[in-house]
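Subject: Structure for you to look at

Hello,

Here is the structure I promised to pass on. Please open it first, then read my notes beside it.

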Amino acid sequence: MNIILLGPPGAGKGTQAQRLVVEQGMTQLSTGDMLRAARTSGTEMGKQVAAVMDRGDLVTDEIVIGLIAEQLDHDNSGGFIFDGFPRTLKQADALAELLEAKGQSLDSVIEMSVDDDALVARITGRYTCGNCGAVYHDTTKKPAVENTCDECDSKDKFKRRADDNEESLRTRLMAYYKDTSPLIGYYYAKKKLKRVDGLGEIEDVAGAIKMALNL
Ligand code: ADP
Ligand code: ADP
Ligand code: ZN
């Protein structure tokens, strides 16, 4: 089963994708994570996208489509979760073509809806484990032991993203409404869209996603 988690920045896509990886053995493909990895390793592409990402604008379709295309060659027995991709209609068409070329298809698109006020609170409180990528929050998802990752036990490895500030978030939200939200209609027309209320507790959202996917 291949699915897309679609929603604005801070909707909980990464959090829910990580759960599906653990519970269902799926593979998470996050273009945001891939782009951040390119920055950290200092590749030419990483340097090229750094300022764009920090501002909160979208990087070019060519770059992210290229990143996804590379990943689709890997084993897909558990199914892919596309997290933060596609973000434009061009990316959505490219994904359909790439999957078709592999004899695969897209099963469902989960739209996670969360209102803007809640998104600000989520984004400004977000931090992640620098070792394993587990996602935390200052108030809604603290690790059991202070400064220690629940998932991998790393100590003092938490970090915050350069673009998780209110100004960049405003740009990212605008990009979402302008370029990404048309995908809701696109996938509705293809009868793939399933809407989930993303405002509830992490557990409840996870339950709603499972129900939407008949898991
Ligand atoms: P969020 O968790 O806020 O939804 P991501 O980690 O998915 O953000 O993405 C961070 C940044 O990386 C985006 O603001 C954008 O600059 C870039 N990016 C990630 N995925 C894409 C994509 N599919 N298309 C264009 N830009 C992307
Ligand atoms: P996205 O990948 O859509 O940008 P994340 O999964 O990174 O979103 O979540 C953004 C922030 O909100 C993180 O700090 C995460 O711990 C927190 N969060 C995620 N889901 C919920 C939820 N249902 N309720 C409260 N906080 C949440
Ligand atoms: Zn960790």
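**What I found**

The shell around ligand 2 is made up of seven nonpolar, seven polar and five charged residues. Please keep in mind that this is a predicted model.

**Ligand 2**

Start with the neighbours. There are 19 residues around ligand 2, and Lys 13, Thr 15, Arg 126, Tyr 136 and Gly 200 come nearest. Three elements each supply at least two residues of this shell: α1 (13-24), β6 (135-137) and α9 (202-212).

Now look at the polar contacts. A backbone N or O atom of Tyr 136 sits 2.7 Å from an oxygen atom of ligand 2. For Lys 13, a polar side-chain atom is 2.8 Å from an oxygen atom of this ligand. Ala 11 uses its backbone: one N or O atom there lies 3.2 Å from an oxygen atom of ligand 2. How much of ligand 2 does the protein bury? On its own, ligand 2 exposes 560 Å², and the protein buries 93% of that.

**Ligand 1**

Ligand 1 also has a shell of 19 residues, in which Thr 31, Arg 36, Asp 57, Gln 91 and Arg 172 come nearest. By class, the shell holds eight charged, seven nonpolar and four polar residues. Which element gives the largest share? Helix α2 (residues 31-40) does, with four residues.

Lys 13 turns up again here. A polar atom of the Lys 13 side chain lies 3.0 Å from an oxygen atom of ligand 1. An N or O atom in the side chain of Arg 87 is 3.0 Å from an oxygen atom of ligand 1. For Arg 161, a polar side-chain atom is 3.2 Å from an oxygen atom of ligand 1. Taken alone, ligand 1 exposes 560 Å², of which the protein buries 96%.

**A closer look at Gln 91**

Gln 91 is one of the residues that come nearest to ligand 1. Look for Gln 91 in helix α5 (residues 89-101). Is Gln 91 buried or exposed? Its relative accessibility is 3%, so Gln 91 counts as buried; the cut-off is under 20%. Asp 57 is also among the residues nearest ligand 1. Gln 91 and Asp 57 are 34 residues apart along the chain, and their C-alpha atoms are separated by 15 Å.

Next, find strand β3 (residues 80-83). In a regular strand, side chains alternate between the two faces of the sheet. In β3, Phe 80 and Phe 82 point one way, while Ile 81 and Asp 83 point the other way. All four are buried.

Which strands pair with β3? Strand β1 (residues 3-6) runs parallel to β3 and is joined to it by three bridges. Here Leu 5 stands opposite Asp 83. Strand β2 (residues 27-30) also pairs with β3 in the parallel sense, over four bridges. There, Leu 29 stands opposite Phe 82.

**The whole chain**

Now zoom out. The protein chain has nine helices and eight strands. Of its 215 residues, 44% count as buried. The C-alpha trace spans about 45 × 40 × 35 Å along its principal axes. What radius of gyration does the chain have? The value is 16 Å. A compact globule of 215 residues would have one near 17 Å, so the chain agrees with that.

Best wishes

Terms used:
Residues are numbered from 1 along each chain as its sequence is written. Chains are lettered from A and ligands numbered from 1 in the order in which they are written. This is a predicted model: local features need pLDDT of at least 70, side-chain atom pairs count only at pLDDT 80 or more; totals for chains, interfaces and linings use all residues. Side-chain values use heavy atoms; hydrogens and water are left out. A residue is near a molecule or strand if one of its heavy atoms lies within 4 Å of it. A polar contact is a pair of N or O atoms within 3.5 Å; within protein, one must be able to donate a hydrogen and the other to accept it, and residues adjacent in sequence count only if both atoms are side-chain atoms. Accessible areas come from the Shrake-Rupley method with a 1.4 Å probe; for residues, only the protein chains shown count as cover. Ala, Val, Leu, Ile, Met, Phe, Trp, Tyr, Cys and Pro count as nonpolar, Asp, Glu, Lys and Arg as charged, and the others, Gly among them, as polar. Buried means under 20% relative accessible area, exposed over 50%, partly exposed in between (1.4 Å probe, protein chains only). Two strands pair if DSSP finds at least two bridges between them. The radius of gyration is taken over C-alpha atoms; the globule rule is 2.2 Å times the number of residues to the power 0.38.
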